[in-house]
Amino acid sequence: MRSNLGFFSDEKFRSIFFQTLVVGLFALGLFFVISTTSYNLEKRNIATGWSFLQNPAGFDISFSPFLEFKSTDTHLKVYFVGVLNTLLVSITGCIAATILGFILGIVRLSSNWLLSRLVYIYVEFSRNVPLLLQIILWYSILIQLPRVKQSLQVLDVFYISNRGLYSPRPIFESGFSYVLIAIVLALISSFLINRWAKKRQDKTGQQFPVFSSSIGLIFIVPLILFFILGSPLSFEHPELKGFNFKGGLVIRPEFIAMFLALSIYTAAFISEIVRAGIMSVSKGQREASAAIGLKQTWIMRLIIIPQALRVIVPPLTSQYLNLTKNSSLGIAVGYADLVHGFGGISLNQTGQAIECMAIVMATYLSISLTISFFMNIYNRSIQFKEK
Amino acid sequence: MNEMNEVRKPPVATTGIIGWLRINLFFNWTNSLITLFVIYCLYQFIPWILDWTIFSADFKYNYLGEQITNQEMCSRNLDPENGGACWAVIYVRFYQFIYGFYPRVEVWRVNLAYVMLAFALLPLLYTKLPYRKYFLYFTYIFPVIAYFLLNGGLGFTEVSTNKWGGLLVTLVLGCTGIALAFPIGIMLALGRRSKLPVISMMCTLFIEFIRGVPLITLLFFGMVMLPLFLPEGIDMDGLVRVLVAVTLFQSAYMAEVIRGGLQAIPPGQYEAAKSLGMSYWRMNLLIILPQAIRISIPPIVNTSIGLFKDTTLVIIVGILDLLGIGRGTLADTNWLGLSYEIYFFVSLVFFIFTFGMSRYSLYLEKKLKTGINMGAD
């Protein structure tokens with residue numbers, strides 16, 4: 001039975017018709033936006049194109065731990081400094097948030113009522129207060145620390161003041177590269193030992209002390225090499241000269257505030273994920289492993305955690321993505337990340353909003369995609385392998 | 001015989017308060033040590049925080065009995081040994097925190113809007129409300145009323161949005177963002193699951209793009225780029241530009257949540273609807289969406305909490321929400337150095353809203369777990 005609409009009720013025709021319509025409308029809208037934009041840009045005398053990237057920036061960036069930055073450097077370099085700063089705070093934040101989150105998640109399940117309540121209160125407070133407010137709060141605490149002249153001294157080598165944390169800067173002398181090579185080799189070989197030991201255990205049931213041998217390889221061998229080469233490492237200590245410290249390594253309060261706020265905020269979410277993950281492992285698993293006489297620490301390491309990880313990793317990935325995106329809030333305290341340095345100051349100086357925002361957005365997209373990609377690989381490696 | 005039948009009470013040490021304490025706080029040596037350590041820390045911390053926030057704090061008058069009008073008159077600035085928090089700043093600036101710079105003569109309009117908002121939310125939050133249908137009619141027309149009430153028009157004098165601020169802006173951004181993102185999110189979710197490849201691809205690209213970039217870049221987009229996209233003569237209000245960005249952001253997240261709900265609908269429901277000869281839209285409107293939305297309400301509330309917290313980001317593009325008013329107050333020489341009081345207050349307001357919302361979503365989750373049957377069996 002066909003309706004009197006004729007070929008319009010044909011599914012294939014309708015599908016093609018609607019899709020062409022949508023594409024057409026989209027193209028029309030795009031054309032409209034592009035034409036008005038180019039008209040507006042011309043009218044406001046805003047330059048277009050990518051040549052501004054080669055122009056000198058004309059401003060200073062106070063926090064650039066990896067690249068030396070002067071005000072005569074180009075906007076392109078501002079971009080690289082911004083990306084590195086974003087990555088620095090994101091990676092350190094993710095590591096700290098994961099460690100803190102796992103500890104808190106396990107403590108939250110502790111049989112001690114008081115301790116678990118305390119963690120609960122922490123989690124509720126830090127989840128329910130806006131992150132931006134927490135960043136600003138940490139920053140305002142840090143800049144109320146004593147001035148440089150009255151700075152707090154920790155262990156005689158660290159100085160804490162409202163200008164940041166000053167610590168000795170390590171200076172690597174000629175032989176140090178051998179130590180680094182030794183560490184890398186040790187890491188690779190302990191990874192190989194781990195694989196070999198697993199294979200042998202699967203085949204013969206014999207165990208190999210993987211953990212202690214890896215520790216020995218990674219720490220002790222490079223350490224011995226370090227002393228044989230005559231300790232090719234020295235420290236440059238910060239010294240108070242005039243109104244500020246000279247030399248040494250300085251960690252700015254902007255970075256510390258971002259790092260603390262991001263990791264404490266995200267740790268609250270991670271701890272809930274970890275708690276849910278551990279609780280998702282059925283009670284029978286714990287009882288069964290206790291019944292065959294496994295030690296308490298082994299139950300956690302061999303039975304509970306591997307099963308819990310399957311539940312934990314997917315939401316953990318989205319927390320890492322959130323933390324990375326949230327690192328863009330550095331602009332509120334003047335942390336020179338991608339958004340503040342390149343999307344903020346460079347954009348204002350050049351006025352090329354479209355180009356700057358396009359670059360910033362594309363960069364965040366590629367960082368997000370990279371994190372998802374690696375976490376998906378990890379996720380696949382820990383899922384059930386059905387034989 | 002008689003003795004054996006008598007019910008023996010459990011040992012005292014496992015029941016009652018003592019039993020509870022033994023099991024939960026002093027189970028073994030390490031547990032007891034942890035408990036004692038935590039109690040010691042709390043003993044150090046709680047009296048200090050109570051003293052600072054309440055007992056030695058100034059609320060309206062300082063310890064000399066004078067009414068506080070600037071930070072120099074706070075007890076702790078007159079005498080550092082004496083006095084804790086100086087809440088007078090909240091008292092003096094309370095109007096700005098709640099209404100921004102809204103003219104005082106017109107402020108009844110904001111108050112009326114706040115009350116009406118509560119009535120509009122009532123039927124959404126509490127489904128067993130008597131006469132819910134009529135309340136819902138009010139909810140649907142509330143946005144229109146609120147627009148004229150707050151912005152002016154229809155006989156009300158106009159109050160431009162740059163005079164709005166504080167909690168007013170936070171609530172306007174949060175509520176409008178959530179309300180607008182909801183229908184857009186549904187369309188995007190349906191689009192992403194659509195069988196038409198072009199539509200599905202476009203929706204997927206949009207959602208993944210928005211979710212891949214930080215909100216702040218979208219706010220910059222709204223503030224800096226949007227005016228360039230529009231033809232001359234169309235001058236968008238600052239708050240509207242921010243709202244566009246916030247809505248785009250929220251609708252992508254909303255779409256993913258609703259897509260999760262759509263995926264949970266068993267295929268039998270689609271097949272049954274189609275076998276009755278329903279069209280695509282009838283099937284979705286009458287059969288699929290009501291069920292999908294119902295199961296995705298808890299995650300919808302959770303993303304809404306996220307949005308409510310994220311509205312603070314608008315201070316970076318110069319809109320004065322609650323946090324913005326707080327920072328503005330701190331920049332005033334009269335109230336310099338009272339950052340802890342102000343941030344504490346702003347955090348508390350946010351905490352009340354978001355904690356309330358998260359409790360509500362937990363309550364919904366529990367209710368859904370007991371009351372759902374989707375005919376999958």
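Let me start at one residue, Leu168(B). Apart from its neighbours within four places in sequence, Leu168(B) is in contact with Tyr99(B), Gly100(B), Tyr102(B) and Val110(B). Contact here means that the C-beta atoms of two residues, placed from the backbone, lie within 7 Å.

Before going on, some housekeeping. This is a predicted model, where local features need pLDDT of at least 70 and side-chain atom pairs count only at pLDDT 80 or more, while totals for chains, interfaces and linings use all residues. Residues are numbered from 1 along each chain as its sequence is written, and chains are lettered from A and ligands numbered from 1 in the order in which they are written.

Back to Leu168(B). In the largest nonpolar core, which has 138 residues, Leu168(B) is among those with the most contacts, together with Leu132(A), Ile135(A), Met258(A), Ile216(B) and Leu219(B). A nonpolar core is a set of buried Ala, Val, Leu, Ile, Met, Phe, Trp, Tyr and Cys residues joined through C-beta atoms within 7 Å. Buried means 20 or more other C-beta atoms within 10 Å of a residue's own, exposed means 12 or fewer, and partly exposed is in between, with C-beta atoms placed from the backbone.

Which helix gives this core its largest share? That is α7 of chain A, residues 253–280, with 14 residues. Helices are DSSP runs of H or I with at least four residues, numbered from the N terminus. α7(A) has 28 residues, of which 22 are buried. From first C-alpha to last, α7(A) reaches 40 Å, close to the 40 Å expected at 1.5 Å a residue; the expected span is 1.5 Å times one less than the number of residues. At Ala267(A), α7(A) bends by about 25 degrees, the bend being the angle between axes fitted to the seven residues ending there and the seven starting there.

Now a helix of chain B. α10(B), residues 215–229, reaches 19 Å, close to the 21 Å expected for its 15 residues. A kink of about 40 degrees is centred on Gly222(B). Gly222(B) is buried, and so are other residues of α10(B), including Ile216(B) and Leu219(B). The buried residues of α10(B) pack against α10 and α11 of chain A, and against α11 (238–263) and α14 (297–310) of chain B.

That brings us to the two chains together. How many residues of chain A are in contact with chain B? The count is 41 residues of chain A, against 38 residues of chain B. On the chain A side, α1(A) gives the most, with 10 residues. By class, that side has 27 nonpolar, 12 polar and 2 charged residues. Ala, Val, Leu, Ile, Met, Phe, Trp, Tyr, Cys and Pro count as nonpolar, Asp, Glu, Lys and Arg as charged, and the others, Gly among them, as polar.

Chain B is assigned domain 1 (1–48), domain 2 (56–86) and domain 3 (92–102 + 159–371); such bounds come from an automatic or database assignment. The C-alpha centres of domain 2 and domain 3 of chain B lie 40 Å apart. Their contact takes 5 residues from domain 2 and 7 residues from domain 3 of chain B.

Last, one loop residue. Tyr131(B) is in the loop between α6 (107–125) and α7 (132–151) of chain B. Tyr131(B) is not a glycine, yet has a positive phi of about 55 degrees. Is Tyr131(B) buried or exposed? Tyr131(B) counts as exposed because it has 8 C-beta neighbours inside 10 Å.

Conventions:
Helices (H or I, at least four residues) and strands (E, at least two) are DSSP runs, numbered from the N terminus.
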